[in-house]
Amino acid sequence: MLTKGLTDLQVNGFAGVDFNSGKLTASELDHALEAMLASGVTACLPTLITAAPDLLLQRIQVLDNAIQHSRLGRLMCLGLHIEGPFLNPQQGFAGCHPAGVMTPPYASLIEELQARITTPILLVTLAPELSGSEEFIAAMKARNILTAIGHSDCNFETAAQAASAGANLSTHLGNGLPQHMPKLDNPLFAQLAEDRLTACFIADGFHIPPQALKVMIRAKGISRSVLVTDAVSAAAAETGFYHFADMRIERHDNGMVKNPNGAGLAGSTLCLDQAVRNLVTWGIASFDEAVRMASGNVEALLAPVLAARGIKQPVSFIEWTSDLFIRKATFPEHDA
């Protein structure tokens, strides 16, 4: 079976390589991207998590340098995803991000980051209940940058206001939330109900139980659902300890990854082809629908912001075996 290549909007690292390390080299990035290719991912948005502005600037410059000087970086890394520091610092919403450096959103930080790098920033995740969020979302829209709600305590009204200002997505919907919330008027229902938001899901069975994921995708619909990995350096790697930004994380035998010094998950070890297989195995979607959520839906979201920059996503194909594993990924135009 032949399909378009998969695109991952949220990947923090892969195959032992941490994109948030601040020490990333071009050869390390190529190693990670080669491993991602083996999982069917032909395009991605390397993701940087919350950090103080000076540290975020240092990390993004190092990441950009690796992209520009690597063999696969400029081909596969369409742009960057900034997940924080504009997140809700309250317990349960902050997740594994450092709450102490979170701040209300301000466009000048994104402008400064972009001014120092070549790779375009294409997506920013924020909590829209923070002061100045509507103005920030509108400013990002004017700059052809997508915005996503994540790590947020938004209600129905706030989610609708964010969508009206131009918000496009929900980052890893169902996660970055406390265990206990109001029964109905909560951030999960608010984002499920807002039809202008496309929802990103981590289909690894840990972040969202399969039965709950089935309900959430039914609520959103296939056309407004996207698969992401939120992968960290422990993805496509052995059981053991790894680094993620300033954290020491542990990959368990079952693939779950946690911060040993804190509660909860710390990213995932999910590969995007496994997410496709999971949806089919769990009876949530057909193969074509699952691929659409990891490919065509993502391509449609990115198309306007890429076109505004004169960037064309490379044509790519992946060949699947009959049991839905990746045989090979190709870039016909690039290979030619």
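## Salt bridges, ring pairs and a surface patch

The side chains of Arg143 and Glu111 meet in a salt bridge, with 2.2 Å from N to O. The model described here is predicted. Arg143 lies in the loop between α5 and β8 (146-149) and Glu111 lies in helix α4, so the pair ties together parts that are 32 residues apart in sequence. Arg143 is partly exposed, with a relative accessible area of 37%. Glu111 is also partly exposed, at 37% relative accessible area.

Side chains of opposite charge can pair when their charged atoms come close. How many salt bridges does the count come to? The count comes to ten salt bridges. The table lists three of them, including the pair already described.

| Salt bridge | N to O distance |
|---|---|
| Arg143 and Glu111 | 2.2 Å |
| Glu194 and Arg196 | 2.8 Å |
| Arg277 and Asp273 | 3.0 Å |

In the pair of Glu194 and Arg196, Glu194 is buried, with a relative accessible area of 10%. Arg196 is partly exposed, with a relative accessible area of 44%.

Arg277 and Asp273 are four residues apart in helix α9, so they are separated by about one helical turn. Are Arg277 and Asp273 buried or exposed? Both Arg277 and Asp273 are buried. Besides its salt bridge with Asp273, Arg277 lies over the face of Phe325, at 3.8 Å from the ring centre. Another arginine is placed over a ring: the charged end of Arg248 sits over the ring of Phe241, 3.8 Å from its centre.

In one of them, the rings of Phe86 and Phe136 have their centres 5.1 Å apart. Their planes are at 65°, so the pair is edge-to-face. Phe86 lies in the loop between β6 (80-83) and α4 (107-115), and Phe136 lies in helix α5 (residues 133-142), so this pair ties together parts that are 50 residues apart in sequence. Phe86 counts as buried because its relative accessibility is 0%. Phe136 is buried too, with a relative accessible area of 2%.

Phe287 and Trp320 form an edge-to-face aromatic pair as well, at 5.1 Å centre to centre and with 85° between the planes. Phe287 is in helix α10 (residues 287-294) and Trp320 is in strand β15, so the pair ties together parts that are 33 residues apart in sequence. Both Phe287 and Trp320 are buried. Which residues do ring pairs link into a cluster? Phe86, Tyr106 and Phe136 are linked in this way.

The next residue is a glycine. Gly264 is found in the loop between β14 (257-258) and α9 (272-281). Gly264 is partly exposed, with a relative accessible area of 38%. Leaving out residues up to four places away in sequence, Gly264 touches Lys258 and Asn259. Gly264 and Phe287 are 23 residues apart along the chain, and their C-alpha atoms are separated by 31 Å.

The last topic is the surface. Leu2, Val315 and Phe317 make a nonpolar surface patch of about 250 Å². Where is Val315 found? Val315 lies in the loop between α11 (296-307) and β15 (317-320). Val315 is partly exposed, with a relative accessible area of 30%.

Definitions and conventions:
Residues numbered from 1 in each chain as written. Predicted model: local features only at pLDDT ≥ 70, side-chain atom pairs only at ≥ 80, totals over all residues. Heavy atoms only, no water. Patch = residues over 30% accessible without salt bridge, like charges linked within 9 Å, V, L, I, M, F, W, Y side chains within 5 Å. Areas by Shrake-Rupley, 256 points an atom, 1.4 Å probe, with all protein chains shown as cover. Salt bridge = Lys/Arg side-chain N within 4 Å of Asp/Glu carboxyl O. Helix = DSSP H or I, 4+ residues; strand = E, 2+ residues; numbered from the N terminus. Buried < 20%, exposed > 50% of the residue type's maximum accessible area, 1.4 Å probe, protein only. Phe/Tyr/Trp six-rings, centres within 6.5 Å; stacked < 30°, edge-to-face > 60°. Lys NZ or Arg CZ within 6 Å of the ring centre and 35° of its normal. Contact = heavy atoms within 4.5 Å.
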